2 protein chains.
Amino acid sequence: MMTQRWVWRVSLLALISLVAVAGCSDSGEAVDGDPLPSWNAGAAKTTIIEFVSAVTDEDGADYVRPADRIAVFDNDGTLWVEYPLYPQVSFTFDRIKTLAPRHPEWTTTQPFKAILEDDMQTVVASGEEGVFEMAIATHTGMTAEEFEETVSQWLATSEHPTLKRPYTECVYQPQLELLAYLHTNGFTTFIVSGGSGQFIRPWSEEIYGIPPHRVVGSSFASEFQIIEGKPVLVRLPRIASLNEKADKPVSIYNHIGSRPILAFGNSDGDMQMLQYTTAGDGRRLGLLLHHDDDDREFAYDRDSQVGQLDEALDEAARQDWTVVSMKNDFATVFPPKSR
Amino acid sequence: MMTQRWVWRVSLLALISLVAVAGCSDSGEAVDGDPLPSWNAGAAKTTIIEFVSAVTDEDGADYVRPADRIAVFDNDGTLWVEYPLYPQVSFTFDRIKTLAPRHPEWTTTQPFKAILEDDMQTVVASGEEGVFEMAIATHTGMTAEEFEETVSQWLATSEHPTLKRPYTECVYQPQLELLAYLHTNGFTTFIVSGGSGQFIRPWSEEIYGIPPHRVVGSSFASEFQIIEGKPVLVRLPRIASLNEKADKPVSIYNHIGSRPILAFGNSDGDMQMLQYTTAGDGRRLGLLLHHDDDDREFAYDRDSQVGQLDEALDEAARQDWTVVSMKNDFATVFPPKSR
């Protein structure tokens, strides 16, 4: 069911394959005015710089006026780490533990009982229905402001299980530089995520320089209510929109209203977004981040349960999209740790 | 039915009450650095300027950082003329006439036959079901780009029936100045319209300085398809979202992600948007435009079929929202005519 293959694209198998590999490098530094110091010299970096130069050259054949310089980025696995668990899934599990004292029934109800006992095999066995139940229990039934506060608090206190750094520091330094480079060159950037937009918005401006209204994601329904005289939005236990695969171009149309000229993804869930973007008239750029760096981050693609990159990799070759190798193209993977 | 009270909020009675009143004044000009020269001195203008001064004063108690300076505007009747027919409804009727040669069956099928014969009484008699059929026939079944082109062409060649000016010049000069004033003061503005967002986006940047991604409206569903090898979005004959009354705060949450600090509307359809906005912490401003100027524009409120302003007017008194009188507060109503 649509509603159950939800948002998280939770990889049930990946839940039990926590890979104990991590690594991080020093942050890149601008060298001689290089706008992308954390990118190694190579075809990917050259392609990006040539593209930006071409569409901003007012005298060139490929010039694009600033209003049409729309760039869209997937989030999980493209801007920050998604392996071995989407951070939103980790949030969900942590919230169940936090909320457990208020839900004594969870000690005897699956999949909640299994979460409380760290019994991942049983969590996996609960299937998509279990995942959906856990999402409802942790993402709905509160006001918009309450949910935002909960996300912010979790991010301030949690960390990635193997990288041992806050999730907001599990973002990719080369991508932060790319976003800044695009902003400097008059682009308007958007996040188009399969995850919940409301999970990203509390921190997207500070971390990425992308304000909340430029974050497009899946969403639960919500309802305007007046509670004790105060108008609020209450999050309801019902999916309002999904944002994966062919949903992404539709969301781009509904939310952004223009066909982007640059799209950056990392998985099969991003294929249609790249197809839609690169099929527009004039010069376009499609990019896929390939996780092939088992030393500094993770290596996974065609057979992965999280962030599977299979048909989109084949399509990249047919479409002349640029495949960015984390191992070869990223001089640095992560920004400096703050704690 | 939700799907049939749609978007246009088509006023069936108003269809047969085309009021033959028009009027336009010279465009306002900046006087001594006044940011709102087309606003008469008075409580409304003072309230706006004091609000903007307060939230931008870094040393003041009401300071709001730029990222949170979110302002939302209704479109029909707030930024441009909605009377006696929402322009989108005029567009629909015109499109039916234009498309008629390709639809010989329309000469014998209501409500299309009535449109072709300018028989508004029969159009009205077709009720909401008829309205919905006409919307489907004119707004769906084409690609995103084709619809945008159609809207742009119509706007370039049509005019308001009594004001005798292009619809994009039936915008209110004082509101253009207000938008510019807010932009200068670090606000991010959004249109939150009950009409179709895709009907506004083709011209919102040029006319209002509001890019397409900051236009939120009702929408038809669309689907990603690859047609003759080319990825496109096809508009489907099904409502995806409505954006009236209590839908507006929900859309603001989904699309913008922050509670606005300023909301400007003109009808009961905007009441919840103003309630949600002004209930936030800190200084907030709610504004309602009252159409009370039968000489220069139109006069209508509690009993109108178009843009009814009844319960929101009562709520304005309770909530201390600012009611802007077109007659008294607008020194000038429209910008200069270009043709």
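**Note on the predicted two-chain model**

1. Of the residues of chain B, His255(B) has the C-alpha atom that comes closest to the rotation axis, at 3.5 Å. The model is a predicted one, and the axis in question comes from superposing chain B on chain A, which takes a rotation of 180° with 0.0 Å of shift along the axis and gives an RMSD of 0.0 Å. The two copies are therefore related as by a two-fold rotation axis.

2. The contact between the copies draws 29 residues from chain B and 29 residues from chain A. On the side of chain B that touches chain A, two or more residues come from each of helix H8 (197-208), strand E3 (215-227), strand E4 (230-241), helix H9 (247-256) and helix H10 (271-278) of chain B. H9(B) gives the most to this side, with six residues. By residue class, the side of chain B that touches chain A divides into 15 nonpolar, ten polar and four charged residues. Since 100% of the interface residues of chain B are also interface residues in chain A, the copies meet through the same surface.

3. The largest nonpolar core has 139 residues, and those that touch the most other members are Val72(A), Ile191(A), Leu288(A), Val72(B), Ile191(B) and Val192(B). Which residues does Val72(B) contact, leaving aside its neighbours within four places in sequence? They are Phe190(B), Val192(B), Ile252(B), Pro260(B), Ala263(B), Met273(B) and Thr277(B). As general background, nonpolar side chains in soluble globular proteins tend to be buried together.

4. Chain B has an open sheet of seven strands in the order E4-E3-E2-E1-E5-E6-E7, with mixed pairing. E4 and strand E7 (322-325) of chain B stand at the edges with a single partner strand each, so one side of each is left without a neighbour in the sheet. From one strand to the next, the twist averages 30°.

5. Strand E6 (residues 285-290) of chain B runs parallel to E7(B), and four bridges join the two. In this pairing, Leu288(B) stands opposite Val323(B) of E7(B). Strand E5 (residues 262-265) of chain B is likewise joined to E6(B) by four bridges, in parallel, and Phe264(B) has Leu287(B) as its bridge partner in E6(B).

6. E6(B) is mostly covered, with six of its six residues buried. Are the faces of this strand covered or exposed? Both faces of E6(B) are covered: Leu285(B), Leu287(B) and Leu289(B) are buried on one side, and Gly286(B), Leu288(B) and His290(B) on the other. In chain A, helix H10 (residues 271-278) is also mostly covered, eight of its eight residues being buried. The buried residues of H10(A) include Met271(A), Met273(A), Leu274(A) and Tyr276(A), together with Gln272(A) and Gln275(A).

7. E3(B) and E4(B) run antiparallel and are joined by eight bridges, with Ile227(B) standing opposite Lys230(B) of E4(B). The hairpin of these strands has two residues between them, and Glu228(B) takes a positive phi near 50° there. Glu228(B) is a residue other than glycine. With 5 other C-beta atoms within 10 Å, Glu228(B) is exposed.

8. Lys245(A) has a phi of about 50° although it is not a glycine. Lys245(A) is found in the loop between strand E4 (230-241) and helix H9 (247-256) of chain A. With 18 C-beta neighbours inside 10 Å, Lys245(A) counts as partly exposed.

9. Cis peptide bonds are the next point. In chain A, a cis bond joins Gln110(A) and Pro111(A), with omega about 0°; in chain B, the bond from Gln110(B) to Pro111(B) is cis, with omega near 5°. Pro111(A) is found in the loop between helix H2 (87-99) and helix H3 (112-116) of chain A, and Pro111(B) lies in the loop between helix H2 (87-99) and helix H3 (112-116) of chain B.

10. Arg296(B) lies in the loop between E6 and helix H11 (311-319) of chain B. Arg296(B) has 18 other C-beta atoms within 10 Å and is partly exposed. Arg296(B) and Ala246(B) are 50 residues apart along the chain, and their C-alpha atoms are separated by 32 Å.

Terms used. Residues numbered from 1 in each chain as written. Chains lettered and ligands numbered in written order. Predicted model: local features only at pLDDT ≥ 70, side-chain atom pairs only at ≥ 80, totals over all residues. Contact = placed C-beta atoms within 7 Å. Nonpolar A, V, L, I, M, F, W, Y, C, P; charged D, E, K, R; others polar. Core = buried A, V, L, I, M, F, W, Y, C linked by C-beta atoms within 7 Å. Buried ≥ 20, exposed ≤ 12 C-beta atoms within 10 Å, placed from the backbone. Least-squares fit on C-alpha atoms with pLDDT ≥ 70 in both. Pairing = 2+ DSSP bridges. Axes fitted to C-alpha atoms, helices over the stretch in contact; angles between N-to-C directions.
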